[in-house]
Amino acid sequence: MTVELSEDFSGWPTEKTVFHVDRVKMRILPGEHPLHLAERKAIAANWREEIAANPALFDGRMILQRRIGLGRDGIFSEGHVIPFSTFLWWRKQPERQGGLHIYAYPVLESRDGALVAIRMGEHAANAGMVYFACGSFEPEDVVDGHCDPERNMRREVLEETGIDLHDATGSDGYYVAHYRRAVTLFRLFRFELTAEEMIARIERHMLVSEDKEIAGAVAIRSADHAAYPYNVGMLPVLDWYFGEGQKPR
């Protein structure tokens, strides 16, 4: 089945609506992203402001999508490798035109029915925010010219928490929600540990981790949006998970 790719979300469910797809295929194109080429001066100026405010930021490489499509077989997209500085400029723009961001949330579920998330440290780009351990797709997540969500999720969770997703039972396919041209892919990973046991493991990992990006871990037991300073991408996931009859068995 051929899926037409476009730069918008026409034909998709409304923003913040969670739906399920069986597969996601993100192709990485050679060359520079057109947005990066067109806005280099503005991106450079913004980066100078960003590092003046937070010198710990690193201008690494990540993936920003260019076009996307939704079909019966799943989600398909095309993107490019860009500098992190380009992403920081893009996400500040009111309409966020010229790019699309896809990221994967590994939703860690404890034996006692809580969700375990992390709080970002003061030197991170999202300082103080609470969300599931994750990171944007990077070049090392690209296999045979396509982003590998499973590789990305396992790598990010292991690096940030010391927890291995191979020790959990994962849900089938991907759940999806989109908002302001950012697409959240998420899967549930169920562990045979209580939330307290998972948090204790994360705290032990923090003591030996060279990357001090996170400031701690939290157990989420309700959809209350005010419980923590959540990243906006968390809210549809929490509403879905704690909603009546929504949780997959």
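Visitor: Which residues have the most contacts inside the largest nonpolar core?

Guide: This is a predicted model, in which local features need pLDDT of at least 70 and side-chain atom pairs count only at pLDDT 80 or more, while totals for chains, interfaces and linings use all residues. Residues are numbered from 1 along each chain as its sequence is written, and side-chain values use heavy atoms, with hydrogens and water left out. A nonpolar core is a set of buried Ala, Val, Leu, Ile, Met, Phe, Trp, Tyr and Cys residues joined through side-chain atoms within 4.5 Å. Buried means under 20% relative accessible area, exposed over 50%, and partly exposed in between (1.4 Å probe, protein chains only). Here the largest core has 64 residues, and Tyr-105, Phe-132, Leu-185 and Met-234 have the most contacts inside it. Apart from it lies another core, of 12 residues, including Leu-35, Leu-57, Phe-87 and Leu-88.

Visitor: What is Phe-132 in contact with, leaving aside its neighbours within four places in sequence?

Guide: Contact means heavy atoms within 4.5 Å. On that basis Phe-132 touches Tyr-105, Pro-106, Val-107 and Leu-108, then Leu-115, Val-116, Ala-117 and Ile-118, and also Met-234, Val-237 and Leu-238.

Visitor: How many of the nine residues of H3 are buried?

Guide: Helices (H or I, at least four residues) and strands (E, at least two) are DSSP runs, numbered from the N terminus. Seven residues of H3 are buried, so the helix is largely enclosed by the rest of the structure. They are Phe-84, Ser-85, Thr-86, Phe-87, Leu-88, Trp-89 and Trp-90. Their packing partners are helix H1 (34-38), helix H2 (40-53), E3, strand E4 (74-83) and E5.

Visitor: What is the volume of the largest pocket?

Guide: On a 1 Å grid over the protein atoms alone, a pocket is an open set of points with protein on both sides within 12 Å along at least five of seven lines, whereas in a cavity a 1.4 Å probe fits but cannot get out; lining residues have an atom within 4 Å of a point. Points are joined across faces, edges and corners, and the volume is the space filled by probe spheres set on them. The largest pocket comes to about 1,200 Å³. It is lined by 45 residues, of which Phe-84, Ala-125, Asn-126, Tyr-131 and Ser-136 are the closest to its centre. Among the elements that each supply at least two lining residues are helix H3 (84-92), helix H4 (149-161) and strand E12 (182-190).

Visitor: How many nonpolar, polar and charged residues are in that lining?

Guide: Ala, Val, Leu, Ile, Met, Phe, Trp, Tyr, Cys and Pro count as nonpolar, Asp, Glu, Lys and Arg as charged, and the others, Gly among them, as polar. The lining has 20 nonpolar, 11 polar and 14 charged residues.

Visitor: Where does Asp-144 lie?

Guide: Asp-144 is in the loop between strand E8 (142-143) and strand E9 (146-147). Although not a glycine, Asp-144 has a positive phi of about 55°, and at 74% relative accessible area it is exposed. Arg-180, in the loop between E11 and E12, has a positive phi of about 50° and is not a glycine either. Arg-180 is partly exposed, at 30%.

Visitor: What is the count of disulfides?

Guide: With a disulfide taken as a pair of cysteine sulfur atoms within 2.5 Å, the count is zero. The closest cysteine sulfur to that of Cys-134 is in Cys-147, 14 Å away, which is too far for a bond. Cys-134 is buried at 12% relative accessibility, and Cys-147 is buried at 6%.
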